[in-house]
Amino acid sequence: MSDTETDTTEPETLDALPLDTWHRTKGGRMVPFAGYEMPVQYEGIMAEHLWVRESAGLFDVSHMGQLVFSGEGAAKALEALLPGDITGLKPAKMRYSMLLADNGGILDDLMITALPTQHPFVSSEVEKRESDARERVSTSLDTNGEGDAAQELYMVVNGATKWDDLGYLREHLADEITINHLDYRALLALQGPKAVDALDRIVPGVAALTFMTAGAFDWQGHRLWISRSGYTGEDGFEISVAGDAVEALADALVDQPEVKPIGLGARDSLRLEAGLPLYGHDLDDETTPVMADLGFALSKRRREEGGFMGAERILLERENGPVAKRVGLIVDGRQPVREGAMVVDDEGSEVGKVTSGGFAPSVGQPIAMAYVPAASAVPGTTVKLAQRGKVHSATVTAMPFIPHRYVRAGASK
Amino acid sequence: MSRYFTEDHEWVDVDGDIGTVGITDYAQGQLGDIVFVEVPEEGKALTKGDEAAVVESVKAASDVYTPVSGVVLEGNSALEDNSGLVNEDAEGDGWFFKLTIGDKSELDELMDEAKYADFVSKL
């Protein structure tokens, strides 16, 4: 017996994240991911997936890059690289966006938050000293607290792309814009319908946050930056915490009866069911926001004004329709069709590709994301998929596969 | 009846000329939740080492190789509706297929239970 799928090549030296030992103690099966060793599962992907949908799961996403932008006009400057309305982002609000190449290809997808004027990440004097020692630029952030015009922005980017992102951002932003890589901070995600019960018990007040808003909270002398957001389609939170405090926080969270640690395997199946694309699989520098069906991230003002990387191509594509489009597929039968399978026409010629796929635990059958010709992108269309010499039939389906259960502002609970 | 094992984590029970093939308990544990199994059709002639079946977990697809040459007598139809049987009872009800063994001398190249346990302990 052997895996038929080739493993993606990983760098030979793998760094350990702050929770490395914690994962191993909890029975996590560690695998190389984004240059680190990360837990792919604890008790099993299926059980973990279903647990998150009915209770709450704790994910370690410390591999992701946490960046803070400061300096006069940082938001305006970022609008040259992102197609979203960043200058109009109100303090403590966040937005999904993409880092674009000059041809309109997607270099990364990300979350960006407008921070309140005072740098909210540093609370204690100790943290201040540590942060200053690590980041020369932290000093400017800490003395920036008198409400002056310079808006700070917090960005979370993918782990596998963070170094390239930093290079690209530094290259394209003026020197006056400071980028502070908060690499001393860990990032946790607590996801599921009972996440709010568990987290509000140990960090009172978080229940007041609504989807895509964030705030600073204190926990046992540590400053947490918590947003109501995530990548599972469920209600939940993402928590930025200093690396030397993350283990105590993770312990406090899994001590709650609602919470179990969840690995990358379930993170992948959860986000797939939620219809959320994964960078490096469903998105890359050859796909544009329009092809990727992420048009919602092109803010109205930005569409009208243009002035971002790749705007000409992206806006033209939006007007005329893309050649190929990302769609959701429900696969007939029981056999999963995975990344790398071809979308084929009646003659068996390749007309598209599957970019993610697998058995969907909450749907109860195999699902996939694929790029298909525009003519085949209408929900209800039947497409053929070729994988290892076998042809499968699948139906184009509106995403998400499982309804999102975000807790939005103004919505009654 | 004797049981033999391969380094690719298949087992074969031999009863006269009939072999029953499956994957080991260690293998199902490594694969995790099994969501699909494809077994060979009756009458298919297999040569030792041929890809004989496919097992798919939530994570990945894997090929199952036949530990011995022979002609398939039947695939385990119970796995069509309940592939989770492989997780529950990999070395029992979760068997994959039965075949008539063509050349029993091929069994000499396989491991017995003690050798396989030793092999797995070093992985």
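Which strands of chain A make up the closed barrel, and with what pairing?

**Figure 1. The closed barrel of chain A in the predicted model.** Six strands form this barrel, in the order β15-β18-β17-β16-β19-β20, and their pairing is antiparallel. On average, neighbouring strands of the sheet are turned by 45° against each other, direction ignored.

**Figure 2. Pairing of β17(A) with β18(A), and the helix across them.** Strand β18 of chain A, residues 365–373, pairs with β17(A) in the antiparallel sense over 7 bridges. Within this pair of strands, Val354(A) stands opposite Ala370(A) of β18(A). Helix α9(A) lies across both β17 and β18 of chain A, and runs at about 120° to β17(A).

**Figure 3. Domain 1 and domain 3 of chain A.** The division of chain A gives domain 1 (20–61 + 184–273), domain 2 (65–181) and domain 3 (323–413). A distance of 28 Å separates the C-alpha centres of domain 1 and domain 3 of chain A. Domain 1 of chain A brings 14 residues to their contact, and domain 3 of chain A brings 17 residues. On the domain 1 side, the elements that give two or more residues are α2 and α9 of chain A; α2(A) gives the most, with 4 residues. By class, that side of domain 1 holds 5 nonpolar, 4 polar and 5 charged residues.

**Figure 4. The contact between chain A and chain B.** Here 17 residues come from chain A and 19 residues from chain B. Four elements of chain A each give two or more residues to the side that touches chain B: β1 (2–3), α2 (45–54), α9 (264–273) and β17 (350–360). The side of chain A that touches chain B comprises 5 nonpolar, 8 polar and 4 charged residues.

**Figure 5. The largest nonpolar core and the surroundings of Leu153(A).** In soluble globular proteins, nonpolar side chains tend to be buried together. The largest nonpolar core of the model has 142 residues, and those with the most contacts inside it are Leu153(A), Leu188(A) and Leu190(A). Neighbours within four places in sequence aside, Leu153(A) is in contact with Phe69(A), Ala74(A), Ala75(A), Leu78(A), Ile112(A), Thr113(A), Ala114(A) and Leu115(A).

**Figure 6. Chain A as the setting of these views.** Chain A contains 11 helices and 20 strands. Of its 413 residues, 50% are buried. Among contacts in chain A with a separation of 6 or more, 69% join residues 24 or more positions apart.

Technical notes
Residues are numbered from 1 along each chain as its sequence is written. Chains are lettered from A and ligands numbered from 1 in the order in which they are written. This is a predicted model: local features need pLDDT of at least 70, side-chain atom pairs count only at pLDDT 80 or more; totals for chains, interfaces and linings use all residues. Two residues are in contact if their C-beta atoms, placed from the backbone, lie within 7 Å. Ala, Val, Leu, Ile, Met, Phe, Trp, Tyr, Cys and Pro count as nonpolar, Asp, Glu, Lys and Arg as charged, and the others, Gly among them, as polar. Domain bounds come from an automatic or database domain assignment. A residue is buried if 20 or more other C-beta atoms lie within 10 Å of its own, exposed if 12 or fewer, and partly exposed in between; C-beta atoms are placed from the backbone. A nonpolar core is a set of buried Ala, Val, Leu, Ile, Met, Phe, Trp, Tyr and Cys residues joined through C-beta atoms within 7 Å. Two strands pair if DSSP finds at least two bridges between them. Axes are lines fitted to C-alpha atoms, for helices over the stretch in contact, and angles run from 0 to 180 degrees between N-to-C directions.
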